[in-house]
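Hi everyone, thanks for coming. I'd like to walk you through one structure today, and I'll go slowly. Have a look at it first.

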Amino acid sequence: MSRLLVASRNRKKLTELRRVLDAAGLTGLSLLSLDDVPAFDEAPETGATFEDNALAKARDAFRASGVATVADDSGLEVDALNGMPGVLSARWSGHAGDSASKDRANTELLLAQLADVPDERRGAAFVSACALVYGPGEEDHAVVRGVWSGRIDRRARGDGGFGYDPVFVPAGETRTAAELSPAEKDASSHRGRALAQLVPVLRDLLG
């Protein structure tokens with residue numbers, strides 16, 4: 001295996017995975033995005049869990065491309081909203097448009113929903129499930145989960161990251177995830193934690 005498809009068109013996710021691989025000393029792996037392989041029908045994300053959605057995305061992309069594929073499904077679980085938005089995080093506001101405008105609409109809705117929630121009840125966690133599919137068999141896959149605990153701030157701060165990063169303050173921090181450097185975020189983020197768990201599997205596949 002010399003190529004790995006990341007089942008996303010978000011270049012930031014490819015960059016994040018590359019940083020994780022480099023930090024682990026894993027070389028000789030060329031990363032591709034969905035823009036680098038022939039188009040195929042992408043199934044909608046209808047799974048009840050992050051793991052269901054990640055595995056379905058990875059399997060679809062592997063079947064279409066024949067390239068070992070990693071896919072993630074991630075979102076924000078807010079205590080005061082009984083774990084929502086959860087798997088609906090990316091489409092919480094129902095807003096259409098580019099990713100930046102959707103992120104902004106989702107964040108604004110979340111802040112409005114939590115406007116009257118006191119600080120001590122604003123706990124939340126980012127969750128990421130990452131699936132790696134490397135063969136056609138039912139057992140040719142690995143699925144891992146990473147969790148990043150924290151709380152929801154009362155206003156957006158910072159211009160790094162994406163999604164709900166500007167309103168999420170990690171446990172033990174005063175800065176939001178959007179105010180952390182890429183290296184700081186990789187070291188503790190939900191996706192960074194999940195991707196790091198895939199490194200041993202990738203190392204074995206590389207031989």
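Let's begin with a question: is Val 133 buried or exposed? Val 133 is buried, because its relative accessibility is 2%, and the cut-off for buried is under 20%. Before I go on, please keep in mind that this is a predicted model.

So where are we? Val 133 sits in strand β4. Leaving out residues up to four places away in sequence, Val 133 touches Leu 55, Ala 58, Arg 59, Phe 62, Ala 68, Thr 69, Asp 140 and His 141. If you want a distance to check on your screen, take Leu 5: Val 133 and Leu 5 are 128 residues apart in sequence, and their C-alphas are 9.8 Å apart in space.

Now let's stay with strand β4 and go to Val 127, which is found there too. Val 127 counts as buried, with 2% relative accessibility. Its contacts, again leaving aside neighbours within four places in sequence, include Phe 50, Asp 73, Ser 74, Arg 145, Val 147 and His 190. How far apart are Val 127 and Val 147 in space, C-alpha to C-alpha? The answer is 4.7 Å, although 20 residues separate them in sequence.

His 190 was on that list, so let's hop over to helix α5, where His 190 lies. His 190 is buried, at a relative accessible area of 4%. Apart from neighbours within four places in sequence, His 190 is in contact with Ser 74, Phe 126, Val 127, Ser 128, Gly 146, Val 147 and Trp 148.

Two of those names bring us to the rings. Three residues form one aromatic cluster: Phe 126, Trp 148 and Phe 168. The count of aromatic pairs comes to three. Let me pick one of them. The ring centres of Phe 126 and Phe 168 are 4.6 Å apart and the planes make an angle of 55 degrees, so this pair is tilted. Phe 126 is in strand β4 (residues 123-133) and Phe 168 is in strand β6 (residues 168-170), so the pair ties together parts that are 42 residues apart in sequence. Are these two Phe residues buried or exposed? Phe 126 is buried at 4% relative accessibility, and Phe 168 is buried at 0%.

Phe 126 also leads us to Asp 165. You'll find Asp 165 in the loop between β5 (141-152) and β6. Not counting residues up to four places away in sequence, Asp 165 touches Phe 126, Gly 160, Thr 176, Ala 177, Ala 178 and Lys 185.

And what about Lys 185? Lys 185 is found in helix α4 (residues 182-188). Lys 185 is buried, with a relative accessible area of 10%. Besides Asp 165, the contacts of Lys 185 include Trp 148, Gly 161 and Leu 180, leaving out residues up to four places away in sequence.

Most residues other than glycine have a negative phi, and most peptide bonds are trans. Now look at Asn 82: its phi is positive, about 55 degrees, and Asn 82 is not a glycine. Asn 82 is in the loop between β3 and α3, and it is exposed, with a relative accessible area of 73%. Then there's the bond that joins Met 84 and Pro 85, which is a cis peptide bond with omega at about 5 degrees. Pro 85 has its place in the loop between β3 and α3.

Last stop, the largest pocket. How much space lies in it? About 1200 Å³. The pocket is lined by 43 residues, and the closest to its centre are Asn 10, Lys 13, Glu 45, Lys 57 and Ala 90. Which element gives the most to the lining? That would be β3, with seven residues. By class, the lining has 19 nonpolar, ten polar and 14 charged residues.

How values were computed
Residues are numbered from 1 along each chain as its sequence is written. This is a predicted model: local features need pLDDT of at least 70, side-chain atom pairs count only at pLDDT 80 or more; totals for chains, interfaces and linings use all residues. Side-chain values use heavy atoms; hydrogens and water are left out. Rings of Phe, Tyr and Trp (its six-membered ring) pair if their centres lie within 6.5 Å; planes under 30 degrees apart count as stacked, over 60 as edge-to-face and the rest as tilted. Helices (H or I, at least four residues) and strands (E, at least two) are DSSP runs, numbered from the N terminus. Buried means under 20% relative accessible area, exposed over 50%, partly exposed in between (1.4 Å probe, protein chains only). Contact means heavy atoms within 4.5 Å. On a 1 Å grid over the protein atoms alone, a cavity is a set of points where a 1.4 Å probe fits but cannot get out, and a pocket is an open set with protein on both sides within 12 Å along at least five of seven lines; lining residues have an atom within 4 Å of a point. Grid points are joined across faces, edges and corners, and a volume is the space filled by probe spheres set on the points. Ala, Val, Leu, Ile, Met, Phe, Trp, Tyr, Cys and Pro count as nonpolar, Asp, Glu, Lys and Arg as charged, and the others, Gly among them, as polar.
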